[in-house]
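Here is a protein model to explore together.

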Amino acid sequence: MNHLEPASQSRQQQIFTVTRLNSAVRMILEQDLGLVWLTGELSNLAMPSSGHWYFSLKDMSAQVRCAMFKGNNRRVPFRPQDGMQVLVQARVSLYEPRGDYQLIIESMQPAGDGMLALRFEELKRRLGAEGLFDEGRKRPLPREPRAVGLVTSATGAALHDMLTVLERRAPDLPVFIYPTQVQGSAATAQIVSAIMLANRRAEVDVLIVGRGGGSLEDLWCFNEEAVARAIAGSAIPVVSAVGHEVDVTISDFAADLRAPTPSAAAELVAPDRSTRAQRLVHLRQRLTQAMSRHQVAARHGFVLLQKRLDHQDPKRRLEQQSQRLDELDRRLQQHLRDRLHQGERRLAGLAMRLQARSPEKLLAIGKRRHQLAEERLHALIAKRQDLARHRLAMLGARLDGISPLATLGRGYAIVRTPSGEVIRRASQVNAGQTLMTTLAEGALRVRVDEVDNR
């Protein structure tokens, strides 16, 4: 164990560096105090990406900084939040770089109601996953119960409130009380026994299970799994009426119906006298209407039976069969006449088609077609010849228009060298040279005396 050295030693031995001092203090705190348990309220909770948690733990007059490292906070079964009361096991330590006194949290759990709330949420999740709270398994309450059962304390205010409401709304409704404790360690088993007793006796049509208001700890017996399973397994529909409207218990989820208060539960199960009277009037009207409809239906059925009896009379059936036989005979004759007419029309059509296909007629038609084709051919040949003559004349005219002879006919001449080269410029000819001159009619051989190149 490292303690500060006594003042009687030399001045040199009493000098510390800051690092050494913080390290010595940290060792003293961790070794002398060890693990401690303490409770307080969470505040300034921070959860950085490193996975470690940093927060303060405080009470009415003090607070201390805390750190819970990732390896430990993974074992915490709930999600901590600011303001939550917790119970922690921690090592007292010192953060040497800053010289801050702090707690290193080893474990954490909710304190007081926090632990109860955690148990509540865990049981609710587990039973809900089993389907114990499914709406499909819940039953409607009877409209006109023969008797009502109350599972509650025999001395509580809730019993008085429910009896008062039942007396006011339905004074003739029998009420069976199954007394039980509604608070404390023995309450759970007694509530389960009372529900089972009511089911064995089968003397009521609906059960109200509940009590008046209280703290979460006071109401805890209605959050026990055994009570929830007893309510869900009851053959009698159950109304849960625990505490005030803001109080919610596991029994509320397991019951067929939740009432905000015990008085409200009594209102739900007991029909009001005026409502019952109105319902009786309504039922009487429905009965009268049903009887009237039944009578009308009976009369109508009698008429139908009478008609069926008349329809089954042998004489009437014979008359109907005779009439039907005549009708069938008429339809047969008409059908034969129609078929005969159809055959005649078809025969006439075939004769016309045969006449149209006669060889003589076909030959005459062929001759006529040949004559017409021959006439069309002669006309086409004559037309083509006229078109050819006209086109030949046009081409001859165009050829005459561009022919050199036509040019020569207007007094022009074509001058060539003896080799046949056409003379276009005076520079192509020398004096004394002999040239051939072609005229419109005939040709001349000429000799050049002089060349003028201008």
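Thirteen residues line the largest pocket, and those nearest its centre are Y54, R65, C66, A67 and Q102. A pocket here is found on a 1 Å grid over the protein atoms alone: an open set of points where a 1.4 Å probe fits, with protein on both sides within 12 Å along at least five of seven lines, and lining residues have an atom within 4 Å of a point. This is a predicted model, in which local features need pLDDT of at least 70 and side-chain atom pairs count only at pLDDT 80 or more, while totals for chains, interfaces and linings use all residues. Residues are numbered from 1 along each chain as its sequence is written, and side-chain values use heavy atoms, with hydrogens and water left out.

The space in the largest pocket comes to about 180 Å³, a volume filled by probe spheres set on the grid points, which are joined across faces, edges and corners. Its lining has eight nonpolar, three polar and two charged residues. At least two lining residues come from each of β1 (35-46), β2 (53-58), β3 (63-68) and β5 (100-110). Strands are DSSP runs of E, at least two residues, and helices are runs of H or I, at least four, numbered from the N terminus.

Now for the inside. The largest nonpolar core has 34 residues, with I191 and L207 making the most contacts inside it. Such a core is a set of buried Ala, Val, Leu, Ile, Met, Phe, Trp, Tyr and Cys residues joined through side-chain atoms within 4.5 Å. Helix α5 gives the most to this core, six residues. A second, separate core has 18 residues, including L173, I208, A241 and A264.

Which residues does T180 touch? Beyond neighbours within four places in sequence, T180 is in contact (heavy atoms within 4.5 Å) with V151, T152, S153, A187, Q190 and I191. T180 sits in the loop between β7 (175-179) and α5. T152 is 28 residues away from T180 in sequence, yet their C-alpha atoms are 5.6 Å apart.

| Residue | Relative accessibility |
|---|---|
| C66 | 3% |
| C221 | 4% |
| T180 | 7% |

How many disulfides turn up in the whole structure? The search finds zero, a disulfide being a pair of cysteine sulfur atoms within 2.5 Å.

How values were computed. Buried < 20%, exposed > 50% of the residue type's maximum accessible area, 1.4 Å probe, protein only. Nonpolar A, V, L, I, M, F, W, Y, C, P; charged D, E, K, R; others polar.
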